[in-house]
Amino acid sequence: PFLPFLGTPPKPPAPPAYVAPQRTLTPDERKVLNIPLHNTSAEEKQQHAAGVAKLAETTQALDVTGCKPDPLVYKVNLKGSFQVKNDDAISHSIRYVTVKIMIPARGTTTIQTSQLFKKAGDYGYGCDNPFAKMGVFMVR
C-alpha cells in the first residue's frame, strides 16, 4: 500500500571529507616527524636535529599538494620569506600551534618566516590539521 511521506524529506548524505592520499615514509622521515618535547633528553634532541639536517632541502617552493609536503623537511631563513604552492582543486592550510595560513587551490602564497616562528629551530607543522605533523620547517 502507498503511505504518504509525512514531514521533511531526509537530506542526502554529505560527501566524504577530503582525505589526503597517504605516502610511505622512510624510517628517517618518520623519525623527523616525531618532534622532541621540551623534556626530551639533550642526546635525543641532538639526534633529531641531525636527522632533520640530513633531510633538509631548500627549493623554490614548498609543495603541499595532497597534504604531502615536498620536501618533507624544508629549510627556511628566519629573517626571510618562502613560498608554498598547492596544485589541488581545494585549498589547504599550513598549521603551526595557533597559526593557520591558507594556501589557495591551484595557488601559491608567500609567507614571512617570522609569521610562524620567533627563533631558529626545527618545527613540525600540520597540513589542514595542526595535530597531525606532516612536515618539518628547519628554521636558521
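# Close-up views of a predicted model

**View 1. Strand β4, covered on both faces.** In this predicted model, His-92, Ile-94 and Tyr-96 sit on one side of β4 and Ser-93 and Arg-95 on the other, and all of them are buried. The strand is thus listed as mostly covered, with 5 of its 5 residues buried. β4 spans residues 92-96 and is joined to strand β7 by 2 bridges, the two strands running antiparallel.

**View 2. The hairpin of β4 and β5.** An antiparallel pairing with 5 bridges links β4 to β5. The hairpin has 2 residues between its strands, and Val-97 takes a positive phi near 50°.

**View 3. Strand β7 and its two faces.** β7 covers residues 121-127 and is mostly covered, as 7 of its 7 residues are buried. Gly-121, Tyr-123, Tyr-125 and Cys-127 point one way from the strand, while Asp-122, Gly-124 and Gly-126 point the other way; every one of these residues is buried.

**View 4. The hairpin of β7 and β8.** Strand β8, residues 133-139, runs antiparallel to β7 and is joined to it by 6 bridges. The two strands form a hairpin with 5 residues between them, and in the turn Asp-128 has a positive phi of about 75°. At another place in the pairing, Gly-121 has Val-139 of β8 as its bridge partner. These two residues are 18 apart in sequence, and their C-alpha atoms are 5.2 Å apart in space.

View 5. Val-139 lies in strand β8. Is Val-139 buried or exposed? Its relative accessible area is 0%, so Val-139 counts as buried, the cut-off being under 20%. Leaving aside neighbours within four places in sequence, Val-139 is in contact with Val-76, Leu-78, Thr-113, Phe-117, Lys-119, Ala-120, Gly-121 and Tyr-123. Among these contacts, Gly-121 is also the bridge partner of Val-139.

**View 6. The largest nonpolar core.** This core has 20 residues, and those with the most contacts inside it are Leu-62, Phe-82, Val-84, Ile-94, Leu-116, Phe-117 and Phe-137. Two or more residues come from each of β2 (73-76), β3 (81-86), β4, β5 (99-103), β7 and β8. β7 gives the most, with 3 residues. Apart from this core lies another, of 7 residues, which includes Val-32, Leu-72, Val-136 and Met-138.

**View 7. The contacts of Val-84.** Val-84 is one of the residues with the most contacts inside the largest nonpolar core. Residues up to four places away in sequence are not counted here; beyond them, Val-84 touches Leu-62, Val-64, Ile-94, Ile-103, Gly-107, Thr-108, Thr-109 and Ile-111.

**View 8. The largest pocket.** About 310 Å³ of space lies in this pocket. Its lining consists of Asp-28, Lys-31, Val-32, Asn-34, Ile-35, Pro-36, Thr-40, Glu-44, Gln-47, His-48, Gly-51 and Lys-54. The elements that give two or more residues to this lining are α1 (27-33) and α2 (42-55). α2 gives the most, with 5 residues. By residue class, the lining divides into 3 nonpolar, 5 polar and 4 charged.

**View 9. The second largest pocket.** The space in this pocket comes to about 250 Å³. Of the 13 residues that line it, Ile-35, Tyr-96, Asp-122, Tyr-123 and Gly-124 lie nearest its centre. Which strand gives the most to this lining? That strand is β7, with 4 residues. The lining residues are 8 nonpolar, 2 polar and 3 charged. Ile-35 also lines the largest pocket.

**View 10. The protein chain as a whole.** The secondary structure comes to 3 helices and 8 strands, in the order α-α-β-β-β-β-β-β-α-β-β from the N terminus on. Buried residues make up 36% of the 140 residues. Among contacts between residues at least 6 apart in sequence, 47% join residues at least 24 apart.

How values were computed. Residues numbered from 1 in each chain as written. Predicted model: local features only at pLDDT ≥ 70, side-chain atom pairs only at ≥ 80, totals over all residues. Heavy atoms only, no water. Buried < 20%, exposed > 50% of the residue type's maximum accessible area, 1.4 Å probe, protein only. Pairing = 2+ DSSP bridges. 1 Å grid on protein atoms, 1.4 Å probe; cavity = no way out; pocket = protein on both sides within 12 Å on 5 of 7 lines; lining within 4 Å. Points joined across faces, edges and corners; volume = space filled by probe spheres on them. Nonpolar A, V, L, I, M, F, W, Y, C, P; charged D, E, K, R; others polar. Core = buried A, V, L, I, M, F, W, Y, C linked by side-chain atoms within 4.5 Å. Contact = heavy atoms within 4.5 Å.
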